[in-house]
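This report walks through one predicted protein model, moving from the packing of its helices to the surroundings of a few residues. Please keep the sequence and the 3D view at hand while reading.

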Amino acid sequence: MGDVTLTELLNIFFRWFHVVFGIMWIGLLYFFNFVNANFAKTLDADTKKKVVPELMPRALFWFRWAAMITFLLGLALLYINYSPNNWQNMTTARGHWISLGALFGTIMW
């Protein structure tokens, strides 16, 4: 087994956390759209006054930072894997899919 370079270690680290924070981001998005929206309708006024101030700021904090970290790690991965010396790799089929994913991620961010 050969020596692992710093670039390879960063690639593994950034990719793993990019996936983890992406799952968190999308999971919270589903929570807001499918769980919380319907649940909030069932709460009476007194319960809303207790639940919403406790729940929503925490959920929004993690939602925003999961989106930011996913986006920044995606940019880092683009740079590591397709640095200015390797931009021609973006013209391959895989490069096109990565570009499309980066475009969608940027729009969602």
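## How two helices pack

Helices H1 and H2 are roughly antiparallel to each other, a label given to angles over 145 degrees, whereas angles under 35 degrees count as roughly parallel, 65 to 115 as roughly perpendicular and the rest as oblique. Behind this label stands a crossing at roughly 150° between the axes of H1 (residues 6–42) and H2 (residues 45–81), which come within 7 Å of each other. The axes are lines fitted to C-alpha atoms, for helices over the stretch in contact, and angles run from 0 to 180 degrees between N-to-C directions. By class, the contact of H1 with H2 has 24 nonpolar, 8 polar and 2 charged residues. Here Ala, Val, Leu, Ile, Met, Phe, Trp, Tyr, Cys and Pro count as nonpolar, Asp, Glu, Lys and Arg as charged, and the others, Gly among them, as polar.

The crossing of H1 and H2 is also left-handed, a term used if the near helix is turned anticlockwise from the far one by less than a right angle, with clockwise giving right-handed.

## How the model is described

This is a predicted model, in which local features need pLDDT of at least 70 and side-chain atom pairs count only at pLDDT 80 or more, while totals for chains, interfaces and linings use all residues. Residues are numbered from 1 along each chain as its sequence is written, and side-chain values use heavy atoms, with hydrogens and water left out.

## The chain as a whole

The protein chain has 3 helices and 0 strands, where helices (H or I, at least four residues) and strands (E, at least two) are DSSP runs numbered from the N terminus. Read from the N terminus on, its elements run α-α-α. The radius of gyration of the chain is 19 Å, well over the 13 Å that the globule rule gives for 109 residues, so the chain is more spread out than a compact globule. That radius is taken over C-alpha atoms, and the rule is 2.2 Å times the number of residues to the power 0.38.

Along its principal axes, the C-alpha trace spans about 60 × 30 × 20 Å. Of the 109 residues, 24% are buried, meaning under 20% relative accessible area, with exposed over 50% and partly exposed in between (1.4 Å probe, protein chains only). Among contacts (heavy atoms within 4.5 Å) between residues at least 6 apart in sequence, 78% join residues at least 24 apart.

## Residues in helix H1

Is Phe-31 buried or partly exposed? Phe-31, which has its place in helix H1, is partly exposed, with a relative accessible area of 22%. Leaving aside neighbours within four places in sequence, Phe-31 is in contact with Asn-36, Leu-55 and Ala-59. Asn-36, also in H1, is buried at 13% relative accessible area, and, with residues up to four places away not counted, Asn-36 touches Phe-31, Leu-55 and Met-56.

## A residue in helix H2

Phe-71 lies in helix H2 and counts as buried at 15% relative accessibility. Neighbours within four places in sequence aside, Phe-71 is in contact with Gly-105, Thr-106 and Trp-109. Although Phe-71 and Met-108 are 37 residues apart in sequence, their C-alpha atoms are 9.4 Å apart in space.
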